[in-house]
Amino acid sequence: MSIINFIKGVGEKLFGASEAQAATVDELKKELEKHQLSAEGLDVQVDGDKVTVSGQAASTEEAEKIALALGNTIGVSSVDSQLTAAQEAPAAVMYTVEKGDTLWKIAETHYGKGKGGQYERIFEANRPMLTHPDKIYPGQVLRIPPLD
């Protein structure tokens, strides 16, 4: 897949993580399970603030969600996703939330003026990591799926 960069001082606080160091492999795998993403068969490695994940995901969407769930945690500056997808699909655009952003504004930026109502598509593309459309934060990385 690719390397995705994150702001390492922003995200979910996991046990054992700090701004200088990502959480342990076991804690990161627990984070995947929390988001209903299977860690079975995945090789997750931590080197300071960098995480590498390899193995097979069911789909491109799941592979992207795995990378985001790992990266949107305190102490992770990048995720090198070497995942392969059993079911290939066009990759989503990765977007880092900025101060003042809303999903509506992000949809208008990525899909075009007058398409803010497509924010639900972005929300759904980031579930279960997002639990409510209004609960995004600066520094968080989101998937922006293509419009059909």
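This is a predicted model: local features need pLDDT of at least 70, side-chain atom pairs count only at pLDDT 80 or more; totals for chains, interfaces and linings use all residues.

Residues are numbered from 1 along each chain as its sequence is written, and side-chain values use heavy atoms, with hydrogens and water left out.

**Stop 1: the cavity.** Select Leu68, Ala69, Asn72, Asn126, Met129, Leu130, Gln140, Val141 and Leu142, which line the largest cavity. The space inside is about 40 Å³, a volume being the space filled by probe spheres set on the grid points, which are joined across faces, edges and corners. Helix H2 (60-71) and strand E6 each bring at least two residues to this lining; helices (H or I, at least four residues) and strands (E, at least two) are DSSP runs, numbered from the N terminus.

**Stop 2: Asn126.** Now zoom in on Asn126, in the loop between helix H4 (119-125) and strand E6 (141-144). Asn126 has a relative accessible area of 2%, so it is buried (under 20%; exposed is over 50%, partly exposed in between, with a 1.4 Å probe and protein chains only). Draw a distance from the Asn126 side chain to the backbone oxygen of Ile122 and you get 2.7 Å. Leaving out residues up to four places away in sequence, Asn126 touches Leu68, Leu142 and Arg143 (heavy atoms within 4.5 Å).

**Stop 3: the rings.** Next, show the one aromatic pair in the structure. The ring centres of Trp104 and Tyr119 sit 6.1 Å apart with planes at 40°, so the pair is tilted. For Phe, Tyr and Trp (its six-membered ring), pairing needs centres within 6.5 Å; planes under 30 degrees apart are stacked, over 60 edge-to-face, and the rest tilted. Trp104 belongs to helix H3 (residues 103-111) and Tyr119 to helix H4, 15 residues apart. Trp104 is partly exposed at 47% relative accessibility, and Tyr119 is partly exposed at 22%.

**Stop 4: the largest pocket.** Finish at Glu12, His35, Met129, Tyr137 and Gln140, which lie nearest the centre of the largest pocket among its 14 lining residues. The volume of this pocket is about 210 Å³. A pocket is an open set of points with protein on both sides within 12 Å along at least five of seven lines.

Technical notes:
A polar contact is a pair of N or O atoms within 3.5 Å; within protein, one must be able to donate a hydrogen and the other to accept it, and residues adjacent in sequence count only if both atoms are side-chain atoms. On a 1 Å grid over the protein atoms alone, a cavity is a set of points where a 1.4 Å probe fits but cannot get out, and a pocket is an open set with protein on both sides within 12 Å along at least five of seven lines; lining residues have an atom within 4 Å of a point.
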